[in-house]
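Reader: I have not looked at this one before. Can we go through a few parts of it?

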Amino acid sequence: MPAAVKRDFAEELKALKVQAKDVVAMVAAQRMRLERLLLDDREWDAAVWRERYVDHLLVSVLARNLIWQVDNGASLTAVVAFDGELRDIDGELVEVAATDRIRLWHPATVPTEEVGAWRRRVEDLGVVQPFKQAHREVYLLTAAEERTDLYSNRFAGHIIRQHQFAALARGRGWRYRLQGAFDAPDEQAHIQLPQYGLRASLWVDRPWGADDDWNDTGIFNHVLTDQVRFTTDRDAVHLRDVPVRVLSEVLRDVDLFVGVASIGSDPAGQDNGGARRDAWGDYWSSYSFGELGAAAEVRKDLLSRLLPRLAIADVTRIEDRFLVVEGRLRRYRIHLGSGNILMAPNDQYLCIVPGRGEKGADGVMLPFEGDQLLSVILSKAMLLASDDKITDTTITSQIVRP
């Protein structure tokens with residue numbers, strides 16, 4: 001800051017700094033509020049929507065990068081307002097009447113072909129959406145869930161770090177009370193959905209082989225995920241009766257809790273110490289290198305189009321559930337679900353732990369915010385593409401054995 005500004009405009013500068021801090025906080029709050037509209041399914045008439053969203057001085061920074069759905073009573077048209085004007089998937093101007101209703105577009109409510117088209121459109125526009133929308137994971141009812149009927153086991157059986165899970169759940173609007181050795185089993189994390197008259201619950205329990213897994217205050221370090229259920233005030237709800245976007249958004253939250261808090265996503269999670277290493281080792285391996293979930297499938301789809309544009313295009317490719325990197329010393333396979341790495345020729349595990357506060361791949365523009373693991377995977381790929389230039393001995397000692 002120039003010394004003259006500090007001297008001659010001290011009060012104005014102080015007020016500007018306060019205002020800038022407030023704006024940063026408000027943008028974060030508005031980003032979360034906009035994302036929750038994907039669950040709420042609210043709509044507005046065109047004039048109110050313009051005032052509150054695409055023409056609002058602050059919110060428009062976020063809203064103009066999102067996809068909206070115009071309902072004229074006879075048809076639905078998806079649009080973006082990137083430049084303040086409403087344009088459809090082909091870039092054609094869309095006229096909106098005063099009586100039209102507008103809501104946030106959700107990929108779970110439209111055909112797969114439309115989702116793919118909008119992903120490519122967002123990428124071609126160079127738009128960075130404030131959260132995953134076009135590239136959002138979709139969770140539709142499966143055959144297994146049709147059989148279980150009243151509950152979903154899709155995310156059951158995962159060992160997750162309890163304190164991290166609790167923080168994530170609260171940040172997404174869920175309620176959860178930390179449990180410990182003094183609690184009865186089958187505690188639940190839940191979120192109230194009053195607009196639908198529903199409550200969604202994720203059951204959790206003490207993981208196996210963890211009779212002494214608590215901190216100094218008796219709180220469990222880890223818990224085990226179980227069923228997801230929907231209920232009204234009195235009764236259990238059949239999964240087939242849960243609105244499509246509600247089922248998708250709730251299961252997406254649970255997938256997020258597992259994806260971030262699972263011990264399988266921890267590069268150093270293989271070493272849990274004591275008996276837990278034996279009890280949890282199989283889980284860590286199966287999660288770290290197992291079948292891809294919905295979030296990883298989205299990463300795979302995006303990377304198939306993103307990799308050819310990157311400097312590492314000639315030495316990287318997608319194979320099944322891995323991003324393969326041909327380094328100068330070794331070949332590496334980075335799992336698209338966990339970010340963990342196996343090295344050729346014998347699938348030796350390579351542990352690379354991102355530094356505290358590390359943001360991931362610099363210089364790579366992603367079409368959305370919020371997938372830190374994708375940035376970490378790209379950062380690891382760029383590092384390993386030039387593995388002969390790595391100087392960190394904690395990495396080189398694993399790559400080049402004496």
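Reader: Which residues is Asp347 in contact with, leaving aside its neighbours within four places in sequence?
Author: Arg333 and Leu342. Keep in mind that this is a predicted model.

Reader: What does the side chain of Asp347 do with the side chain of Arg333?
Author: The two side chains make a polar contact, at 3.1 Å.

Reader: Where does Asp347 lie?
Author: Asp347 is in the loop between β13, residues 341-343, and β14.

Reader: How many bridges do β11 and β12 pair over?
Author: Five, between residues 322-326 of β11 and residues 331-335 of β12, in the antiparallel sense. As an example, Phe322 has His335 in β12 as its bridge partner.

Reader: New topic, β7 and β8. How many bridges join them?
Author: Seven bridges join β7 (residues 187-193) to β8 (residues 198-205), and the two strands run antiparallel. Ile191 has Ala200 in β8 as its bridge partner.

Reader: What about the hairpin, how many residues are between the strands?
Author: Four, and Gly197 takes a positive phi near 65° in this hairpin.

Reader: Which way do β8 and β9 run, parallel or antiparallel?
Author: Antiparallel, with six bridges joining β8 to β9, residues 222-231. Asp205 stands opposite Leu224 in β9.

Reader: Now helices. At what angle do α7 and α8 pack?
Author: About 145°, and their axes are 9 Å apart. Helix α7 covers residues 162-171 and helix α8 covers residues 244-261. The crossing of α7 past α8 is right-handed.

Reader: Which residues meet there?
Author: From α7, Gln164, Phe165, Leu168 and Ala169; from α8, Leu256, Phe257, Val260 and Ala261. By class, this contact of α7 with α8 has seven nonpolar residues, one polar and no charged ones.

Notes: Residues numbered from 1 in each chain as written. Predicted model: local features only at pLDDT ≥ 70, side-chain atom pairs only at ≥ 80, totals over all residues. Heavy atoms only, no water. Axes fitted to C-alpha atoms, helices over the stretch in contact; angles between N-to-C directions. Left-handed = near helix turned anticlockwise from the far one by under 90°. Contact = heavy atoms within 4.5 Å. Nonpolar A, V, L, I, M, F, W, Y, C, P; charged D, E, K, R; others polar. Pairing = 2+ DSSP bridges. Polar contact = N/O pair within 3.5 Å; in protein donor to acceptor, adjacent residues only side chain to side chain.
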